[in-house]
Structure formats: structure tokens, C-alpha cells
Amino acid sequence: MDDLLNEAKSTKFMSTIDLKAGYHQVKVYEADQEKTAFICSFGTYKFLRMPFGLRNAPATFQRLIDKFRSGLKDVFALSYLDDIIVLSENFDKHLSDLRQVFERLSLFKLAANRNKCNFACNRVKYLGHYITEQGIEVDADKVSSVQKITEPTCVKEVQSYLQTCSWFRRYVPHFSEIARPLSDLTKKNKTWTWGEPERKAFESLKKMLISPPVLSQPDGSKPFIIRTDASSYALGAVLIQGEKPEEHVIEYASRLLSSAERNYSKTEREALAVVWALQKFCGYIENQEIIIASDHQPLKWLMSIKSPSGRLARWALQIQSFHPKILYTPGKSNVVADLLSRPVHENKEFVCNLNTISIELPSRRSRDIREEQMKDEDIKKIIDCFESGRKDEDFINWTSRGYLMNQGILYRYSPDTESEEAQLVVPCHERERVLQQYHDSPTAGHSGSEGTYFKIASRYYFPGMRKFIAEYVKNCAECNRYKPNNQKPAGLLRTPIYAQRFETLAIDIFVPLPETPTGKKWIFLIEDTSTKWVELFALEDATAQNCAKFLIEEVFLRYSLPRRLISDNGTQFVSAVMQQTCNFLGIKQELIPVYHPQANPSESKNRDLKPKLAILVGDAHDTWDEKLAMIRFAMNTSKCDTTGHTAAYLQFGRELRTTDDVNHDLGSLIENDNFVAEITPYLKHFARLTPQIRERVEQKQDQRKKYFDKNRRPIYYQPGDKVWVTLHPKSSRSDKRSKKFYPKREGPYLVVTNRSPTTYDLSDPSTPDQVLGTYHTNMLKPYELPPEKNTSPVVPIKRRGRPRKYFPKADSSSGRLRVRGGVCNDPIGRLQRHLPC
């Protein structure tokens with residue numbers, strides 16, 4: 001409809017024709033008549049003519065009318081569905097045009113409603129508008145934004161209303177006389193009274209504001225001016241044409257902001273007002289010269305922002321499609337859009353139970369700020385240059401860099417920010433105070449370096465600000481303690497040296513399982529790291545004494561004593577019993593770093609054990625101990641990708657016979673039971689196999705290390721270095737503690753010794769002689785805070801394991817080893833009696 005009204009011209013002779021019965025003049029295609037059928041109390045009926053309410057009825061009827069118009073030559077006629085208007089410049093031409101229109105109606109067999117037709121008029125109503133010789137007069141809906149302005153309730157609202165009316169006072173006769181009651185209310189010491197004279201003046205000005213010639217017909221030969229403004233809760237826009245004193249309004253528009261839009265920044269709300277106004281007035285301004293006038297200066301640079309956000313980027317593209325020219329208009333000159341964006345709300349009385357408290361927030365005086373700036377020699381030199389009054393090379397240099405003076409204080413315009421405000425130049429001794437306010441304070445939220453820089457750069461400036469902020473944030477104790485680390489994990493893969501059979505053992509305890517009828521609940525797993533041979537034992541209790549007993553009786557006395565024993569930091573393995581067992585037998589006990597199970601080779605077997613057990617037990621979960629022997633046989637007879645052989649072959653020099661081997665090869669085995677002619681060549685081949693396996697293992701280790709180190713970064717520490725230690729807290733419902741609120745790391749802690757390039761012993765700096773535990777490098781982070789910012793741990797880490805402060809001594813009277821709190825029973829004593837001295 002807006003397009004049709006824009007096409008309407010100012011003419012003296014106009015006629016409107018309303019078609020009778022509308023859609024019923026169109027016959028429904030016979031094959032489609034059944035689709036219009038309906039049921040009533042008198043039976044089932046179908047439409048022979050197109051009824052109202054069909055989905056495609058309007059489009060079908062409009063196509064008919066468009067086809068009707070296409071045959072009218074030299075006739076200016078507009079049509080919207082059943083409303084037709086004919087416009088002519090003179091009466092004779094108008095009669096000729098009407099004759100062609102009626103002939104065309106007769107050809108199309110369309111009938112008109114005589115009672116609703118108007119002929120040869122100079123003012124007609126069409127599509128809710130009045131078309132006159134002077135232009136188009138909009139109806140109440142077009143100016144609803146102005147009509148909805150309520151009566152003022154205070155002086156400020158009266159001033160805003162008068163400013164809006166004054167903008168078009170040249171079109172209102174006797175403006176000063178009509179507005180005198182309202183103008184008197186704005187005088188000083190004037191008591192507020194709202195009576196009949198003020199109400200009459202208010203209504204008279206509002207009526208004149210929305211009546212012609214203020215709202216006139218658009219002229220396509222002149223540029224359009226769109227004035228926009230945005231408040232915190234509404235948008236306002238007005239479409240204008242002409243220049244002073246011929247400036248006149250085409251249309252007003254305003255709307256409230258949604259809850260999400262109210263959260264936009266000032267620049268985003270002003271940009272939204274421009275985008276919305278362009279869409280609102282699209283029917284007028286499309287393919288026309290457009291000037292956008294806004295009282296928000298940053299909109300001038302909307303098209304040239306270096307890195308706009310997603311929303312600003314989309315809006316910039318929408319605005320560019322209209323090719324507008326954006327001009328800055330001060331707020332005092334943009335009062336119309338300003339008023340429309342700030343509609344006066346009706347005052348409603350309500351009861352509020354909150355008490356109002358007035359607080360005077362501390363503020364710095366200009367004199368204090370200047371005194372602090374003068375303490376900085378570099379800033380003092382710039383201020384002296386500006387206050388000297390000499391416009392020499394130094395003055396030009398500082399001015400070109402954006403420096404300026406205001407009330408004796410030095411400011412600077414930064415080209416890197418989108419703010420229209422100048423930034424205060426901060427002296428060197430106050431920079432850390434600014435960082436504390438915009439990074440450490442509760443309302444700052446410990447943002448990252450970029451977020452902190454964005455907050456500060458829009459308000460302050462000092463040389464090297466980005467680097468200074470980045471260094472401050474990097475050394476923030478709370479950020480290091482609570483924030484996650486997005487870097488690659490530290491620590492490259494360390495590959496162990498291939499050892500002899502049963503020279504190095506890895507042990508682990510499988511998680512508690514359902515108790516079996518025999519009382520078993522735990523699985524003790526032992527693996528030879530060389531041959532990958534596995535032993536599995538079901539335990540009633542995972543105590544240190546039971547573990548030591550099975551190690552000695554089932555492994556050490558069967559396969560020989562190992563040189564190294566690798567385990568995690570479980571209580572069974574750090575206990576006095578296990579320590580004394582290893583000390584007495586000359587075995588080097590190596591505990592892996594805490595919270596780093598990858599260092600224990602038996603973890604891979606532990607992982608393989610879970611699905612194998614789950615498959616065999618089925619629904620009978622308490623029968624898992626009966627399946628251990630079969631799982632052990634399967635694991636020891638499976639080929640290992642690292643060695644290229646099965647654990648059984650590397651352990652015994654041959655593959656274990658399965659039930660299938662017994663069934664098919666039993667006869668040949670009996671016949672050749674005593675055949676040993678080729679035993680020597682076999683042993684020679686087996687002896688040559690060891691170096692081949694060693695080479696294969698090293699190749700596989702190099703391959704794994706290559707892929708593993710791609711996602712790792714090398715980092716090394718020396719004794720005496722301070723580090724942060726990653727924590728693994730647990731939530732406690734009873735104590736109302738959540739692990740999400742615990743620090744992610746604590747510190748500082750001291751590196752005491754480096755057991756390997758990736759494993760370190762740590763201690764508290766206050767007690768460097770007391771080792772707290774062994775940690776992998778991926779659990780550590782360098783502690784780089786300066787000495788003046790040293791902090792103590794919020795959640796100190798606890799010491800792991802039992803200190804090695806004694807050595808086992810034999811009791812001559814009983815042949816047993818004495819340990820703290822009692823005597824270590826059978827296993828070690830029996831082993832001591834049977835092993836040679």
C-alpha cells in the first residue's frame with residue numbers, strides 16, 4: 001500500500017471505484033470447486049465463485065486486477081485488490097480516462113458498487129489516506145507516535161514538548177501566543193500548575209503538529225532526510241524533505257526496545273535506530289538520495305570500523321545497501337527524533353516497600369588529578385608545552401598524537417578505540433591502581449588481558465599500556481590459581497629401556513568389584529614390562545600384607561626377584577610393609593607421580609581387563625573370580641604389537657597349547673615326545689630373537705613418542721624453582737563444598753629434586769627438607785609472580801606416601817622383621833630363611 005501511495009500524484013481530478021462483491025466476481029475452475037465444499041445443516045455445498053478466506057484468493061484477485069490495468073494506455077490508475085483510483089490533470093482527460101476504465105471493466109465483466117464510488121473529486125480517501133491537491137494526508141495511525149504523547153507532569157517534560165513544537169513553529173500561525181501558557185511553566189520560580197489554559201495549549205499544538213503542511217507528500221526529486229535517536233527504552237525517527245525554510249515532515253515513527261535490545265550499548269542502539277528507520281521508510285527512500293542525521297557521533301564511523309562485531313557488521317551491510325550519507329546532528333537540533341525515542345510514560349501510583357538511601361560516592365577533584373599528573377616527568381613536559389602557549393614543533397607533535405588539555409588535565413584521543421570520549425592520561429605511579437580497579441575488583445571479574453585492555457583503553461591512556469596490562473594479568477595470583485590453562489600439556493614422552501625378563505614389574509589394584517561367594521572383592525594385577533606377562537590374583541582385602549604375600553610367594557619365588565617395582569601411590573604400595581619388603585630384598589621401589597597413571601605400564605592391562613571381565617560374567621557379576629584364569633590365559637597368549645610376539649613365547653620360548661592344539665596334534669606330540677635333534681638350532685634362533693625384539697620395541701617406542709610429542713610442549717625445572725601445582729579437589733555435600741569453586745592450582749611450591757626430565761619432588765618453601773610428593777611436569781606451572789606478590793596457598797597440598805626414615809632390621813630372636821607398630825609376619829620371614837645369604 002505504501003508503494004501505491006508513493007505513486008499517487010497531486011492532481012485536481014480524482015475518482016475512486018470500488019468493485020462490487022469483490023472475490024465473488026471470479027469464477028472457480030470447475031475441477032477445483034470440490035475443494036471449496038463445506039457442510040451445514042442443510043447439506044453439503046460448494047462455491048461456484050471464489051469465496052473470501054481462501055489462502056490464494058487475494059493473490060488470484062490481484063493478478064486479475066493487474067491484468068486489467070495492463071491494458072489501460074495513457075491512464076494513470078492505481079489499484080489494490082478491489083479499490084481502484086484514477087487520477088488526471090484536467091477534466092477532459094479525466095473523462096477520457098474513466099471511459100477507458102469502464103470499457104476495460106466491461107471487457108473483464110467486473111461490476112462496480114455505485115454507492116461506494118466517487119468521481120471527479122479534488123479530495124478522496126484511498127487506502128485509509130486522503131489524497132488532495134496539496135498531497136497526501138495521513139490518518140491517525142501514521143502519526144500515532146505523536147498523538148500518544150500524554151500531558152506533561154513536570155517542567156522537564158514541558159521543555160521537551162516545547163522543543164519539539166518549536167522545530168516546526170514556522171508552520172504554526174501565532175505559535176508564541178498559543179504556547180504562552182506552557183512557556184510560562186518553564187520560567188524560574190514559577191509554581192507548577194496544570195489547568196485548562198495549559199491543557200488547551202498542549203492539545204492545540206499537538207493538533208497543529210500532525211496536520212498539513214507538516215506531513216506532506218514525498219517528492220522523489222528531492223533528497224530524503226531521516227533523523228533518528230535512541231534512548232535506553234525506545235527508538236524514534238522522522239522522515240523529512242526539503243531544506244530550511246522549506247523543510248517539512250513526511251512521516252513520524254517510534255517504537256519501544258525489546259528486553260534484549262535494552263542491553264545493547266549506546267552505539268548499538270543508535271545503529272539499530274538507523275537500520276529500523278531505513279526499513280520503516282523503505283517505501284519512500286528506495287533508490288533515492290538519503291541523508292541520515294543522528295545525535296550520536298560514532299555512527300559517522302560505522303562504515304569504517306576496523307573490526308565490527310557480528311551485529312554491527314550485519315547492520316553495516318544493511319545500511320550500505322541504501323547508500324546513505326550519515327551526518328552528526330547535536331541533540332539540541334534533533335529534538336523531534338529525541339522526543340519520539342523518549343515517550344512520556346503515564347505515572348501510576350504503586351506501593352514500594354523499599355527504602356531510598358542516598359549515598360555520596362567519592363570522586364576525585366580536577367586539582368587532585370592534575371597534581372598526580374604533574375608528579376610524572378613525562379606528563380609534566382607535555383602539560384608545560386600546552387600551557388606555554390607556543391605552537392612550536394613540540395606542540396604540533398603532541399597535538400598530532402591526540403593529546404589535549406581540558407581544565408588543566410591532560411587527555412588523549414586514541415585512534416584504536418571506538419569511543420568518542422578522550423582518555424585520561426595516567427601517571428606511572430597510578431597505573432597499578434587502575435589495573436587493580438579494572439582487573440582485581442569484584443566488579444571487574446579478573447578478565448583476560450584483552451578484556452581488561454578494552455575496559456581501560458576506553459577510559460585511560462599511558463604508553464605501553466597493552467604490554468603493561470598483559471604482564472599484570474599474567475602475574476595475577478588469583479588468575480593463575482583459578483583459571484584453566486589452554487596451552488598444550490607439558491612433558492614429552494619418556495620411553496623406558498628394554499629390560500630382561502622379570503627385571504621390572506608393574507603392579508596395580510583393580511577397582512572394588514561385587515563380593516564373590518568366596519569373599520573376594522579385589523584384583524591384584526602384576527605385569528612383566530619386558531615380556532608383557534600378566535598375573536591376576538583375587539583378594540579378599542587389598543592390604544599391603546596381602547599384596548606383599550602374593551608378590552613373594554606367587555611371583556618372586558616362581559619367576560625370580562625383580563630389580564624394579566613400579567606402582568602408583570596407593571596406600572598398599574606406600575605402606576611400611578611394602579617399603580620394608582623392597583628394602584630387604586634389594587628391590588628398587590618406584591612410585592609414579594601423583595595423578596599421573598600414564599606412568600604405570602600396568603594401566604593398559606588394567607584397561608583391557610574391564611571389557612574382558614564384563615563379557616564373561618554377563619549378568620552374574622559375583623562370579624568374576626572364576627573367570628580370572630581364562631582371562632589371564634587369553635592375555636598371555638595374545639600377540640603384543642610392541643614386541644611382535646605373545647607374552648607366553650617370550651617367557652617360555654614356545655606358544656602355550658590351547659584345547660584346539662591338543663585335539664589336532666596330540667598324536668604327533670606323543671610320537672615325537674623324545675625327539676630333540678633340533679633343540680640346538682631352536683635355542684640359537686631364540687637367542688637371536690632377543691636383539692630383534694629389542695630393536696622392534698625401540699622402533700615402536702620412537703613411533704609412539706613421535707605422535708605423542710606433537711601435542712606436548714617441553715618444559716623443564718631445576719631444583720630451587722617455584723611452581724604452581726594442579727589440584728584435584730573433591731566435592732563434599734556434608735561440608736557444602738563444590739570442586740568447581742576450588743582453585744585449579746596452588747602455590748608456590750619448591751622443586752627439591754628432579755627424578756627425571758618430567759618428574760620432580762616438591763616441598764613447601766617454608767620446609768624445604770620435607771618432600772610433599774612426586775609430580776609430573778604436566779601437573780606443574782612456572783610460578784612467575786614477583787617477590788612482592790608472593791602468596792600462601794589457599795588449599796595446601798598434603799604430603800603423599802610414608803617417609804623413608806628407617807631401614808628394616810631383623811629380630812634375632814624370632815627371625816622376623818620389626819616394623820613400626822608390630823612385627824611383619826610370614827612372607828618376609830619365610831623368604832629370609834630360604835634365600836641364600
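Strands β4 and β5 form a hairpin, with two residues between them. L81 sits in the turn and has a positive phi of about 55°. The model is predicted. The two strands run antiparallel and are joined by five bridges. Across the pair, F76 stands opposite L87 of β5.

The table sets the two pairs side by side.

| Strand | Partner | Bridges | Facing residues |
|---|---|---|---|
| β4 (residues 76-80) | β5 (residues 83-88) | five | F76 and L87 |

β19 and β20 belong to an open sheet of five strands. The order is β21-β20-β19-β22-β23, and the pairing is mixed. Which strands are at the edges? They are β21 (534-539) and β23 (588-591), each pairing on one side only. Neighbouring strands of this sheet are turned by 20° against each other on average, direction ignored. In a regular strand, side chains alternate between the two faces of the sheet. Helix α22 (residues 602-617) lies across β19, β20 and β21. It runs at about 45° to β19.

Elsewhere, two helices meet. The axes of α13 (residues 366-374) and α14 (residues 377-387) come within 7 Å and cross at roughly 115°. From α13, the contact uses R370, Q373 and M374. From α14, I379, K380, I383, D384 and E387 take part. By class, this contact has three nonpolar, one polar and four charged residues.

Definitions and conventions:
Residues are numbered from 1 along each chain as its sequence is written. This is a predicted model: local features need pLDDT of at least 70, side-chain atom pairs count only at pLDDT 80 or more; totals for chains, interfaces and linings use all residues. Side-chain values use heavy atoms; hydrogens and water are left out. Two strands pair if DSSP finds at least two bridges between them. Helices (H or I, at least four residues) and strands (E, at least two) are DSSP runs, numbered from the N terminus. Axes are lines fitted to C-alpha atoms, for helices over the stretch in contact, and angles run from 0 to 180 degrees between N-to-C directions. Contact means heavy atoms within 4.5 Å. Ala, Val, Leu, Ile, Met, Phe, Trp, Tyr, Cys and Pro count as nonpolar, Asp, Glu, Lys and Arg as charged, and the others, Gly among them, as polar.
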